[in-house]
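Let's take a walk through this model together.

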Amino acid sequence: MELTGAEALLESLKHEGVDILFGYPGGQILPVYDALYKVKGLKHILTRHEQGAAHAADGYARATGKVGVCMATSGPGATNLVTGIATAYMDSIPMVAITGQVGTAFLGKDSFQEADVTGITQPITKHNYLVKNAADIPRIVKEAFHIARTGRPGPVVIDVAKDAQVHKIDFKYPDSVDLPGYKPNLKGHPRQIKAAFKMIDIARKPVIYAGGGVIASNAAKELLEFAEKCNIPVTTTLMGLGAFPDTHKLSLHMLGMHGTAYANYAVQECDLLIAIGARFDDRVTGHLPTFAPKAKHIHIDVDPAEIGKNIKVDVPIVGDAKQILKDLIAKVEIEKGKHDAWLEQIAEWKKKFPLTYKKDKELRPQYIIEMIDEVTGGEAIICTEVGQNQMWAAQYYKYTKPRTWISSGGLGTMGYGFPAAIGAQFGRPDAIVFDIAGDGSIQMNIQEMATAVNHKLPIKIAVLNNCYLGMVRQWQEILYEKRYSQTDMCDNPDLVKIAEAYGAAGMRITKVDEVKKALNEALKIKDRPCLLDFRVTKEENVFPFVPPGQAINEMLID
Amino acid sequence: MKHTISVIVENKPGVLQRVAGLFSRRGFNIDSLAVGTTEKPDISRMTIVVDGDEQTLEQITKQLHKQIDILKVFDLPYEQAVERELALIKVHANDKTRGEITQIVDIFKAKIVDVSEDSVIIEVSAEKEKVESMQKLLEKFGIQELVRTGKIALQRGSGK
């Protein structure tokens, strides 16, 4: 079959099972957009900014587990994707980003809209390609998807020179990839698994510390089975929310900087920490030398470079979390009642130090999150922006299923949540999708309201509007003696009017007793987005809070 | 502590940048880096001398392994490897000093590869320390220019 490079590219995407992509056209990607005009079976969503396209592809990937695809033109189009690619990279999200590039004859000549995209994205991609020959397109697409979705997932960039999009090739999609330098190890080493059994057997106070890797490997079911069979409490990272049901009696909820007091105490007291698909990030560990000081460490991760990177490990197991958990479940035996004393201690901490906030007549953000949980029955997909809104959304919503929590954990990208919610809603059209936002971050990609309205997406945007860059203000209050440098957003526009101008619904909520009604009202709107402008108390803080550089049990509770 | 690592890579554009970028962004120190094709034209070999403790070396090795274009990474302990560095040294020379310079060149089993009225270029291939001591001895004549390749190394015997 004779095709142009552009047609071959789209055909290759279809071979990879892609049916939707998010993008924005421009000069050097025009041949692909021209081919897209005629192609069947591929839906292109035009965002209003390339960054929106990248985050939408990422949100789609997180909500579905499939590879998200975004596309942009050369130069500024590609550099606008960069924040989205870096976001996906930090959180190990499978994504393929396609960018147009100037023709091969113009490369390196500082041509119009030329940027060294493979150079720029090299540190924030799992791999990237510059395609100069049309004939390479099918092989490269095949490799890119394979790399993006296997092992530790991540973004791959394919930068396609314009002439490679135009030239004709005899199209044949390869059946397999030949990548001698890329062979992810999935099966845990039997000797290490045996060593893990021994350690689990000796432990009296074990804790499971589960991260985003459990979700990436679709191992939530196995994690639940393992935890129940061994009667071991589970704390999750921010990225791991949904990997273990928050409603379960063994759940310790989130640990770390804004984790629950009982999770942090349990980690600091435990004698065995079983890390699964987690990477001992500084927001989890606090002061590293004092993290889990009494514990032996078992570390299960598909990326060998994560093992020993931040912390010395006693039993490393390299491999896929799902497979290794299956191996562990198959053979582990725990004598009944062995952890009872430990679980009693934890129950006491839970009782003494629950997550809580002041319950009075003020409209508090924590209450709003609890109400969102209530009206959605805990069944919604919660996307977030970054900052206080993100932490309250993490703390006060009860996540019970994987892929229902969509948030920029590693990079902490403000402006992520709304476009990610768009991607998530396309991936899960029947789900209720919320974007929990702050008044700062919602303004970073508000232009995507046009995309959401255009496609009649019933996304609910709950803005916890405190007229501040709240998390920065909180740090300034606690760590910089209330010098609120450049965090006041008192000149915010009227967000309700903005929503309405785009053709979305908008509501303003100022009182506690209006919250539930407004949320139920919003849930009834099915044909367009709805922005809820919650005017919350201005100087509410996120607690617990482990100040940076402290041990995680040295937290401020209120 | 210095380590010599061999990195076998696919000979593709950008692979050197990937390796160099990895070292700089993760804060690993490179002492020297030499790269060239191997017996297979599509495979290149980099010899990298790095400075760091065991844990750093482990991280470097693992992070290099993660690069798709990198096929193999291994540490070459000194006692198991043949190590060489090539240097070209242009030294000021006249009728009076040329004899003494020639003697030094002979002792180090080096070669004079270019002679002009007031200078000679010496080629020396040896272990790093030897190259350095030769350089020291030549300093008094006045070194005009010097270029070194960085270390290359191969495992002794039939291994790897």
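In which sense do strand β13 (residues 296-301) of chain A and β14(A) pair, and over how many bridges? They pair in the parallel sense, over 4 bridges. Here, two strands count as paired if DSSP finds at least two bridges between them. Helices (H or I, at least four residues) and strands (E, at least two) are DSSP runs, numbered from the N terminus.

Before going further, a word on the ground rules. This is a predicted model, with local features needing pLDDT of at least 70 and side-chain atom pairs counting only at pLDDT 80 or more, while totals for chains, interfaces and linings use all residues. Residues are numbered from 1 along each chain as its sequence is written, and chains are lettered from A, with ligands numbered from 1, in the order in which they are written.

Back to that pair of strands. Within it, A:Ile298 sits opposite A:Val315 of β14(A). Both strands belong to an open sheet of 6 strands with parallel pairing, and its order is β11-β10-β9-β12-β13-β14 (chain A). At the edges you'll find β11 (251-254) and β14 (315-318) of chain A; each has a single partner strand, so one side of each is left without a neighbour in the sheet. From one strand to the next, the twist averages 15 degrees (axes are lines fitted to C-alpha atoms, for helices over the stretch in contact, and angles run from 0 to 180 degrees between N-to-C directions).

Now zoom out to chain A. Its domain assignment gives domain 1 (2-170), domain 2 (190-352) and domain 3 (365-535), with bounds that come from an automatic or database domain assignment. The centres of domain 2 and domain 3 of chain A, taken over C-alpha atoms, are 31 Å apart. Across that boundary, 12 residues of domain 2 of chain A are in contact with 13 residues of domain 3 of chain A, where contact means that the C-beta atoms, placed from the backbone, lie within 7 Å. On the domain 2 side there are 8 nonpolar, 3 polar and 1 charged residues. For these classes, Ala, Val, Leu, Ile, Met, Phe, Trp, Tyr, Cys and Pro count as nonpolar, Asp, Glu, Lys and Arg as charged, and the others, Gly among them, as polar.

What about the inside? The largest nonpolar core has 178 residues, and A:Cys70, A:Val96, A:Leu223 and A:Ala462 have the most contacts inside it. Helix α3 (residues 50-64) of chain A gives the most to this core, with 7 residues. A core here is a set of buried Ala, Val, Leu, Ile, Met, Phe, Trp, Tyr and Cys residues joined through C-beta atoms within 7 Å. Buried means that 20 or more other C-beta atoms lie within 10 Å of a residue's own (12 or fewer is exposed, in between is partly exposed), with C-beta atoms placed from the backbone. Take A:Cys70: leaving aside neighbours within four places in sequence, its contacts include A:Leu21, A:Phe22, A:Ala53, A:Ala57 and A:Ala97.

Over to chain B. Between the two chains, 14 residues of chain A are in contact with 16 residues of chain B, and the chain A side divides into 7 nonpolar, 6 polar and 1 charged. Chain B has 4 helices and 9 strands, following the pattern β-α-β-β-α-β-β-α-β-β-α-β-β along the sequence. Of its 160 residues, 24% are buried.

One open sheet in chain B has 4 strands in the order β2-β3-β1-β4, with antiparallel pairing. Its edges are β2 (29-37) and β4 (70-75) of chain B, each with a single partner strand, so one side of each lacks a neighbour in the sheet. The twist averages 20 degrees from one strand to the next. β2(B) and strand β3 (residues 43-51) of chain B run antiparallel and are joined by 8 bridges, with B:Ser32 opposite B:Val49. Helix α1 (residues 15-25) of chain B packs on the sheet, touching β1 (2-10), β2 and β3 of chain B, and its direction makes about 145 degrees with that of β1(B). Helix α2 (residues 54-66) of chain B packs on the sheet too, touching β1, β3 and β4 of chain B.

Finally, chain B is divided into domain 1 (2-75) and domain 2 (82-155). Where they meet, 7 residues of domain 1 of chain B are in contact with 6 residues of domain 2 of chain B. β2(B) gives the most to the domain 1 side, with 3 residues.
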